[in-house]
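Please find below some notes on this structure.

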There are 2 protein chains.
Amino acid sequence: MARIAYINGRYVPQSRAQVAVEDRGYLFSDGAYDAIPVHNGHLSFADRHLDRLDRSLSELRIARPMSRAALLQVAHELIRRNGVRNGGLYIQVTRGVAPRDHKFPKGVKPSLLMMARKWKAPAPDLLSRGATVVTMPDQRWARRDIKSISLIANVLAKQAAAEQGAFEAWLIDDGGMVTEGSSTSAWIVTATGELVTRPDGTEILPGITRSVVAEVARDLGLTLQLRPFSREEAYAAREAFLTSTSNFVLAITRIDGKPVGNGKPGPIVARLREAYLSVARA
Amino acid sequence: MARIAYINGRYVPQSRAQVAVEDRGYLFSDGAYDAIPVHNGHLSFADRHLDRLDRSLSELRIARPMSRAALLQVAHELIRRNGVRNGGLYIQVTRGVAPRDHKFPKGVKPSLLMMARKWKAPAPDLLSRGATVVTMPDQRWARRDIKSISLIANVLAKQAAAEQGAFEAWLIDDGGMVTEGSSTSAWIVTATGELVTRPDGTEILPGITRSVVAEVARDLGLTLQLRPFSREEAYAAREAFLTSTSNFVLAITRIDGKPVGNGKPGPIVARLREAYLSVARA
């Protein structure tokens, strides 16, 4: 079945969906996006994701392309047309089309792209053995709290990780602390069993899966410390994991080639993954 | 006359030129660009600009879309079709079209966009009174030496400057030193008459106009110091100016509201502008 995308008011075969070359998303990466998980045919945490998209657009001062109700209507139609039971919905909004000039153009309408896709099941190895990460300097722009399409630094980091055989890159700030992954949030479990993840701020994206996991962790009686952690602390962690819209909660069993704990996915990550999924599917 | 753009092998009316929504330029700002000035119908410094484009693409590991000879043929055709006597040629290359995934896709062809435009004459005030700049933190990613289309931080800086009534933003690094403008190179003339501009490095774009101006400055017997300068040094400068492909050499007469020197365009800037233009038009 050919995938169907929504672009500026029309449902079109995704391979034929196009935008103007003078779309500021193409010339300036002047736009924001979000992705909403779909479980059993239903959007999960849609309001949180759309709140975050609204915030990204507000920070960039890009107008909302349509009401939330209308956006959700398109979302449901795309999920239906693409037959997505378990997957994700992608939404991208750019400032619009205008002759190339850095300054915000006047009188433009934002461009809206939406795509839906089924998720492939993760490789069985990934769940049973855990993922590997490598660390590298965080080269992104200063406003990582905005989910912008200015993603070249993320792309280069993900590619560099892949070429080292790793699933993800953990990005390191000038002070030697982990900010987050190139497209995922970063967590460790300390030797004394506390969860640690960096607090919200301009240095990281406010992860939605991360926020849900923080809540289920508290419900499970786990202690959560919102603070930056160093690469060395990560090396010494009992467990480590990442969270993201498409990976949910995923154990990390090797960092820069060093095994985390005993080198196998640990019990706390397993409990969090299960608890997260039961909320997401509810 | 409707403008004509070149997009992936075809000459099309620019307002109808389109790219796939899954072009990585649109989803990830995964691409680079350059702009070549056109004087009297001829490209100026084409080899330097195309060398820089090649370098940007090499750093991003994006394939060249065609040979330099073929690129120049398209360039000349676009200049002709658009009747450009004095203006600029814009070239953008992205990694290509692929289903969204951060990692480099395999087997894709790069996308190539080229546009030509006439330059409007600068507002007479701008030349007679000079431009104003305001300073603000440099929020761009770490590799400003790559002329990538990941320009959201540049866009926000230029817009913030415009809203303060300024022509350009001068961006300040963590050490209080000027890196460059949001789309222009930054220079000062010290009280003792030396030219100062930041040396090439990852912190700034290696400006082509800047490199030509450095050469003509030496020919004029001026002393050039390649070193970072601070905001305070800029406030105390005798003259200040910016260089860029579309502005050539432009006096800056006010920085953060403070007059530079006597607040009028100075003699060294005037000599450099004239000397640059005579080389560019040669």
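1. In which crossing, left-handed or right-handed, does helix 2 of chain A pass helix 3 of chain A? The crossing is right-handed, that is, the near helix is turned clockwise from the far one by less than a right angle. The contact (heavy atoms within 4.5 Å) involves A46(A), D47(A), L50(A), D51(A) and D54(A) of helix 2 and R68(A), L71(A) and L72(A) of helix 3 of chain A.

2. This is a predicted model, in which local features need pLDDT of at least 70, side-chain atom pairs count only at pLDDT 80 or more, and totals for chains, interfaces and linings use all residues. Residues are numbered from 1 along each chain as its sequence is written, chains are lettered from A and ligands numbered from 1 in written order, and side-chain values use heavy atoms, without hydrogens or water.

3. In chain A, helix 2 (residues 46-60) and helix 3 (residues 68-81) pack at about 120 degrees, with axes 12 Å apart. Axes are lines fitted to C-alpha atoms, for helices over the stretch in contact, and angles run from 0 to 180 degrees between N-to-C directions. Helices (H or I, at least four residues) and strands (E, at least two) are DSSP runs, numbered from the N terminus.

4. Chain B has an open sheet of 6 strands in the order 2-1-7-6-4-5, with antiparallel pairing; strands pair if DSSP finds at least two bridges between them. Strand 2 (10-13) and strand 5 (42-43) of chain B are the edge strands.

5. Chain B can be laid on chain A by a turn of 180 degrees and a shift of 0.0 Å along the axis, with an RMSD of 0.0 Å. That is the relation of a two-fold axis. Superposition is by least squares on C-alpha atoms of residues with pLDDT of at least 70 in both copies.
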